[in-house]
Amino acid sequence: PSAEVSSAVKDVFHETKKKATIVMMLDISGSMEGEKIKSAVASSINFISRLDPNDEIYLMVFSGDKDIYELGGGRAGDISEELTNKLNGIYANGSTPLFDAVCAATERINSLQADHVANNEKRLYGIVLLSDGQDTSSNNTENQMFNCLPSGESVEGTKLFTIAFGEDADADLMLRIANRTNGKTFTGDPSTIESIYNAISAEQ
């Protein structure tokens, strides 16, 4: 096809493609110190840069000392520079409230989806969860955490993409979390995390 036709096809694709709303939940506990946190931050920044400007991205982090909190979020085209700056400023410390983090991310995306439904806006929803260890400090139990998860029965539901990062990660738990929502799980380390984020971005 001519350049004009190709350009028109791309324009129509971007206009009709359902936009995504993504909550990224990053483990910044003490075990992430060193090369792990550096590679996770760099790859997260790249992931955000690959999003369509009209996608939405919300960045949350968790550790025992700082608990669970949101660094910021909104339309990717408006927020990416701010999130990049905040990612570059985080450091690893504390324990791992993994179960609580899953519940917090799910609660956040459910709230966002409710707002979109009220505005008759249809989007894709995903949670990207990266952790390198076992839960050590949650208030929620594992069973309570699974009760927080959305059901994977609906194609319109939220999908969880889990990344078991490093040898000490609970790969089995991450697999079960992803399967519960018809998502995908990945195992990686600092040398492969970039390709994992790229694979997740291709799913959106």
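Is the crossing in which α2 passes α7 left-handed or right-handed? I looked this up in a predicted model, and the crossing is right-handed.

**Entry 1: the helix pair.** I noted that two packed helices are described by the angle between their axes and the distance between those axes. For helix α2 (residues 35–50) and helix α7 (residues 193–203), I found axes that come within 9 Å and cross at roughly 25 degrees. Angles under 35 degrees count as roughly parallel, so α2 is roughly parallel to α7.

**Entry 2: who touches whom.** On the α2 side, I listed Ser 39, Ala 40, Ser 43, Ser 44, Asn 46, Phe 47 and Arg 50. On the α7 side, I listed Ile 193, Glu 194, Tyr 197, Asn 198, Ile 200 and Ser 201. Sorted by class, this contact has five nonpolar, six polar and two charged residues.

**Entry 3: the largest core.** Next I checked the largest nonpolar core, which has 33 residues. Met 24, Phe 47, Ile 57, Val 128, Leu 130 and Tyr 197 touch the most other members. Which element gives the largest share of this core? I found that it is α2, with six residues. Strands β1, β2, β4 and β5 and helices α2, α3 and α7 each supply at least two.

**Entry 4: one residue up close.** I picked Leu 130 and left aside its neighbours within four places in sequence. Its contacts include Met 25, Phe 62, Ile 163, Ile 193 and Tyr 197.

Definitions and conventions
Residues are numbered from 1 along each chain as its sequence is written. This is a predicted model: local features need pLDDT of at least 70, side-chain atom pairs count only at pLDDT 80 or more; totals for chains, interfaces and linings use all residues. Side-chain values use heavy atoms; hydrogens and water are left out. Axes are lines fitted to C-alpha atoms, for helices over the stretch in contact, and angles run from 0 to 180 degrees between N-to-C directions. Helices (H or I, at least four residues) and strands (E, at least two) are DSSP runs, numbered from the N terminus. Angles under 35 degrees count as roughly parallel, over 145 as roughly antiparallel, 65 to 115 as roughly perpendicular and the rest as oblique. A crossing is left-handed if the near helix is turned anticlockwise from the far one by less than a right angle, and right-handed if clockwise. Contact means heavy atoms within 4.5 Å. Ala, Val, Leu, Ile, Met, Phe, Trp, Tyr, Cys and Pro count as nonpolar, Asp, Glu, Lys and Arg as charged, and the others, Gly among them, as polar. A nonpolar core is a set of buried Ala, Val, Leu, Ile, Met, Phe, Trp, Tyr and Cys residues joined through side-chain atoms within 4.5 Å. Buried means under 20% relative accessible area, exposed over 50%, partly exposed in between (1.4 Å probe, protein chains only).
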